[in-house]
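Please keep the sequence and the model in view while reading.

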Amino acid sequence: MEIQSQAMSEYTAFLDKLRPILDELKCCKFMDINTVRKTVESLEVELLRADKAMTPSTDDFTYSTAKQMEHMIHHLGRTLGLVLFATRKIILIDKREEMEDLRKEMMGARFVSSRPNSYSELDIDYYEYPEIEPMETTTDQEESEGEINLDIDDIVLQLKYGADDEFGRALSGFNSLIRDNSITNDWINEEGIVQILFNRLGSSMLVNRLTVLQTLRLLIAHSSQNKEKMTDNGSMGILVKSLARDVEERREAVGLMLSLSDMAAFGRRVGRIQGCIVMLAAILNGDDSVASNDAEKLLNALSNNTQNAIHMAEASYFKPLVHYLHNGSDMSKILMATALSRMELTDQCKASLGEDGAIEPLVKMFNGGKLEAKFSALSALQKLSSLKENINRLIASGMVTSLLQLLFSVTSVLMTLREPASAILAKIAQSESVLVSQDIAQQMLSLLHLSSPIIQLHLLEALNSIAAHPNASKVRRKMKENGAIQLLFTFLNETNTNIRTSALNLICTLSQHFPEELTEQQPNESELRLIVNIIDSSVSVTEKEAAIGILSNIPLTNKKATHTLKKAQLLPMIISIVNNSTSSNNSRLLAERIAGLLIRFTSDKQLQKFSVEIGIIPSLVKLLSNEWSVITQSRSATALSQLSETSLSLKKSKSKRWICVQPSSNTLCSVHESYCSVKGTFCLIKAGAVSPLMRILEGNEREADEAVLGALATLLEDGIWEKGSSCVVKAVLPIIRVLEKGTTVKAQEKGVWILERIFRIEAYRLEYGESAEMVLIDMAQRGDPSLKPIVARILAQLQLLQIQSTYF
């Protein structure tokens, strides 16, 4: 009696607490929201059932009755939890806290602490209350073993509110019911099973999510009517999240989506879900062959929607987009081409588009379409033309002729197309294949002064690319014959820096191949000063490179140009650039061209004194550093060699120099045996140039060997070779390695000449002779004939060949 009274009191108290909350919810202004209304209505139904279910008399109260009451209160707690979830962004915090406290209290309700030891006091039969089927009871042992047989109402309850274990068992039971055809589709619809499963898909553990996806596919097989409920926006959003999860879950999710893909609403809705198509494209390229195959089929099915095809292209799956370019309506083609022109494409994506056949339909659109089609096609082709492989496809399509015709067109409606056309032409010109048309450069030259600045820039870039091709000698010759250099000099007064730089680059390219064009007549003094002013004032490294490159291409024999450059104070500017530069803040090309220009100011003895006074030698030594390219090092070594050749004639004998105090021996040059200095005698020793020259020989690049050996050889000339040998002897092993590497004949000639001088000294023969034997013998047998006499002399010095031998 006491147990009955306490249980009934607690049960009634829970219902009384829930009623005012329900009444307040029913009056809520948000009841017009579908999900809120359904959950509140569900709570109301369950509360009515609870009212009718438990009205036993004192005599009828059993243990089973108490357990049934407990189950009902727990069920109401779960339903209240569903209401809380549906209204999570609507109900005020204090009311939510009240509801949450009640839910927790209901979920923790216990009406009996344990089963009685005997059933004499409490009958084991369930109390049969209205509208509720009796629940089957189990023993504690059965519960512990998990052998619980759920009826259909229990399955629905556990599907809605069960914890993971309960939910998993309910899924298993539900699948059995489907396979046995024990439930109808009307019942599935009435209970809202599809929506229940999708709701649980978003929150369940992995093993249950897999089963949910399999169950949903089973429901489709059970009745195709279930598809419509699976394709609403909420369900699709939940399903798409499974694409980013475990491998098996992805596979099941893609399979389910493929089963739904024949629904018109599916294609429209799924394409709008952020990240869906991106994830499908990633699965397509993944390692799971089953999921990849289904993803490809699904993407192809979704591509019936043009917007989806664009999303696929943005995810790097281009076949649908290319299909529309080939076979779509005129409007679809324009849509695809426009979308393509606006995408950020990697080189890999551009290559894929070319391989998939995007170039040909775009060219066809440009050649035959209306203005809008032409513009969209050109914009897309401009995007694709930055890849070499696509450039070759454009040339093969005959696009060059069409582009030039457009550039020559004066039709007003086509004028807007000239800029993208010239941009594509600039890209196409990067390929040597364009040289099949010998007059293309002449046509572009004739357009230069008839075009807008943007088109001029593209044309100049195209002309420079053409002129720079190694096999473009015929084209360059035609350009020279048609006065290209004189024409280009008119652009040096341009205020547009990009156009001016492009013109300088093209002049530099042409003058490199035709230096005779830069003679006494071209450029004239005013043009030379203009170039010097550009070097002095420009902040663009590229522009400085081009301007210095032009000046370095002027033949050394052009004394007038040299005199003009000297008067224009070019050398101080160049030395200042070198002194303030490092390889990190200046380009390698700039340093190479500066070093080439400095050769001009060291080639003439009258200029050498002027150049050295300004500080050319420290700059040249700096350019020998390993941070600069081997070309820069070679040119700097050449300039230093020219200066060092003058040192002998400038040295002053210590016996002829009047001094008040005996000078320190440290002031004497160890090679020239005079009071050398950098500015006074251009001495390599005093300049500290020997060590960096030797480091170049020790490196792995061989292009500078000839110039470096030439510079070191100036320290072994007649009259100073003995002292010079002691300075250069450390270069013997690097020289031997240079000879072994098979460098140029001139470099070999300088190398063996140095060895012959050094090996005149017995101590050095004994120390290094054995190391040189093999390479010298090999040169004697297989080397260049011009080297054999000097090689023979060295072998004789090493006593490997008699001096009197006539073998050579």
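**A histidine and its surroundings**

Apart from its neighbours within four places in sequence, His458 is in contact with Glu419, Ser422, Ala423 and Ala426, where contact means heavy atoms within 4.5 Å. His458 belongs to helix α27 (residues 453-468); helices (H or I, at least four residues) and strands (E, at least two) are DSSP runs, numbered from the N terminus. With a relative accessible area of 17%, His458 is buried, since buried means under 20% relative accessible area, exposed over 50% and partly exposed in between (1.4 Å probe, protein chains only).

This is a predicted model, in which local features need pLDDT of at least 70 and side-chain atom pairs count only at pLDDT 80 or more, while totals for chains, interfaces and linings use all residues. Residues are numbered from 1 along each chain as its sequence is written, and side-chain values use heavy atoms, with hydrogens and water left out.

The protein chain holds 48 helices and 0 strands. Of its 808 residues, 50% are buried. Among contacts in the chain with a separation of 6 or more, 70% are between residues 24 or more positions apart.

Helix α48 (residues 788-797) is mostly covered, with 7 of its 10 residues buried. These are Ile790, Val791, Ala792, Ile794, Leu795, Ala796 and Gln797, and they pack against α46 (745-758) and α47 (762-782). After α48 comes Gln799, which has a positive phi, near 60°.

A cavity is a set of points, on a 1 Å grid over the protein atoms alone, where a 1.4 Å probe fits but cannot get out; lining residues have an atom within 4 Å of a point. Grid points are joined across faces, edges and corners, and a volume is the space filled by probe spheres set on the points. The second largest cavity has a volume of about 30 Å³ and is lined by His71, His75, Arg78, Leu157 and Gln158. Both α3 (63-86) and α6 (152-161) supply at least two residues of this lining, and α3 gives the most, with 3 residues.

Two charges sit in place over rings, meaning that NZ of Lys or CZ of Arg is within 6 Å of the ring centre and within 35 degrees of the ring normal. The charged end of Arg200 lies over the ring of Phe167, 4.1 Å from its centre. Likewise, the charged end of Lys566 is over the ring of Phe610, at 4.7 Å from the centre.

Note on methods:
On a 1 Å grid over the protein atoms alone, a cavity is a set of points where a 1.4 Å probe fits but cannot get out, and a pocket is an open set with protein on both sides within 12 Å along at least five of seven lines; lining residues have an atom within 4 Å of a point.
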